[in-house]
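This briefing concerns a single structure, shown below.

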Amino acid sequence: MPLTIPREEYMQQGHTACAGCGATLSMRYVLKGMGPKSAVVVPASCWSVIPGELPYTSLKVPLLYTPFASAGAAISGLREGLDAQGKQDYNVIAFAGDGGTADIGLQGLSAAVERGHNVLYVMYDNEAYMNTGIQRSGSTPYGAWTTTTPVGSKRDYKRENKKFVADLMMAQNAPYVATAAIGFPEDLERKLSVAKSIKGPKFIQILSPCPPGWNYNSADTVRVSRLAVESRIFPLYEFRNGKLTLFKPSKTVPVSQYLYLQGRFSHLYDSEVKVIESAVEERWQSLLRKEQV
Ligand SMILES: Cc1ncc(C[n+]2csc(CCOP(=O)(O)OP(=O)(O)O)c2C)c(N)n1
Ligand SMILES: [Mg+2]
């Protein structure tokens with residue numbers, strides 16, 4: 001099989017991420033795909049701590065920290081500034097969490113897409129506000145335990161559905177929208193190379209499992225990521241020129257196999273798992289219908 005993952009590394013050792021951090025693999029793969037002529041904007045998140053304390057950084061590319069809500073605005077300004085200096089060949093990348101994207105940063109992202117800047121916005125989706133201690137976000141899935149959706153006697157787990165930001169970006173008709181998972185790195189690298197070839201706003205949402213936040217063994221990050229796709233709870237797709245292409249996994253597994261590996265779902269009764277299974281099936285059918293349009 002040809003090597004499809006670039007050998008070059010733009011992320012070095014010495015970072016402060018937890019063992020098995022999916023968001024760290026996401027950054028590593030994104031930089032491999034985008035290459036050295038890249039500048040990364042990071043809003044408040046785990047990734048604003050992971051690179052290390054000044055004057056140290058584990059990234060080999062320039063890094064700009066922004067306030068929580070500002071990634072969309074910051075990449076817009078950085079793009080315009082680089083263009084004014086004749087540096088059109090630099091990739092401007094936002095690397096933002098799900099809280100910083102689905103919730104507080106959504107208007108900045110949507111505005112950057114509307115203005116049509118030539119930028120890549122990566123949402124690393126670990127499905128909660130992990131850096132501040134596992135609080136629920138709009139991107140936390142139904143049924144999950146978090147510290148703000150605790151499972152005490154009231155079984156107060158998250159009762160609302162996950163907000164799929166990539167679907168919102170499709171609705172806004174962004175030139176390129178994709179979902180990806182760290183367990184499928186060749187697919188992610190291919191999507192990054194497509195994104196690189198498109199001038200305009202690109203959005204990629206990467207499912208990035210989090211061992212402490214999802215409560216599973218840190219050795220299982222890639223396995224959890226693959227099960228998310230194979231169970232169709234996190235479908236992989238690509239949306240380009242108004243056309244959706246859905247990745248059909250060669251192997252499918254029951255949603256319960258994905259859920260049971262993670263402590264954040266361990267409180268669910270079989271009847272509750274069934275509710276999740278039917279929602280997953282419903283969304284899959286709706287994506288299939290969109291693909292046929
Ligand atoms: C305006 C504002 N509110 C709250 C915070 C505190 N804060 C820093 S990181 C963070 C969580 C970010 O969650 P997410 O975007 O999902 O990234 P993750 O931590 O999961 O990597 C919060 C709430 C902040 N820095 N600024
Ligand atoms: Mg998060």
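In this predicted model, α1 and helix α6 (residues 185–197) pack with their axes 9 Å apart, at an angle of about 45°. That angle makes α1 oblique to α6.

**Packing of α1 and α6**
- The crossing of α1 past α6 is right-handed.
- On the α1 side, the contact is made by Tyr29, Val30, Lys32, Gly33 and Met34.
- The α6 side contributes Pro185, Leu188, Glu189, Leu192, Ser193 and Lys196.
- By class, the residues of this contact divide into six nonpolar, two polar and three charged.

- Helix α8 spans residues 221–230, and seven of its 10 residues are buried, so the helix is largely enclosed by the rest of the structure.
- The buried residues of α8 are Thr221, Val224, Ser225, Leu227, Ala228, Val229 and Glu230.
- Their cover includes the helices α1 (22–34), α7 (211–214) and α9 (255–260), together with the strands β5 (176–181) and β6 (202–207).
- Arg232, which follows α8, has a positive phi, near 70°.

**Val280 in helix α10**
- Val280 belongs to helix α10, which covers residues 270–292.
- Val280 has 19 other C-beta atoms within 10 Å and is therefore partly exposed, since a residue counts as buried at 20 or more.
- Not counting residues up to four places away in sequence, Val280 touches Arg232, Ile233 and Val255.
- Between the C-alpha atoms of Val280 and Leu259 the separation is 12 Å, and these residues are 21 residues apart along the chain.

**Ala94 in strand β3**
- Ala94 is part of strand β3, residues 91–97.
- Ala94 counts as buried because it has 30 C-beta neighbours inside 10 Å.
- When residues up to four places away in sequence are not counted, the contacts of Ala94 are Val41, Ala71, Gly72, Ile75, Val119, Tyr121 and Val122.
- Ala94 and Thr245 are 151 residues apart along the chain, with their C-alpha atoms separated by 24 Å.

**Shell around ligand 1**
- There are 16 residues around ligand 1, of which Ser45, Cys46, Gly97, Gly99 and Asn131 come nearest.
- The shell around ligand 1 comprises seven nonpolar residues, eight polar residues and one charged residue.

How values were computed:
Residues numbered from 1 in each chain as written. Chains lettered and ligands numbered in written order. Predicted model: local features only at pLDDT ≥ 70, side-chain atom pairs only at ≥ 80, totals over all residues. Near = placed C-beta within 6 Å. Nonpolar A, V, L, I, M, F, W, Y, C, P; charged D, E, K, R; others polar. Helix = DSSP H or I, 4+ residues; strand = E, 2+ residues; numbered from the N terminus. Buried ≥ 20, exposed ≤ 12 C-beta atoms within 10 Å, placed from the backbone. Contact = placed C-beta atoms within 7 Å. Axes fitted to C-alpha atoms, helices over the stretch in contact; angles between N-to-C directions. Parallel < 35°, antiparallel > 145°, perpendicular 65-115°, else oblique. Left-handed = near helix turned anticlockwise from the far one by under 90°.
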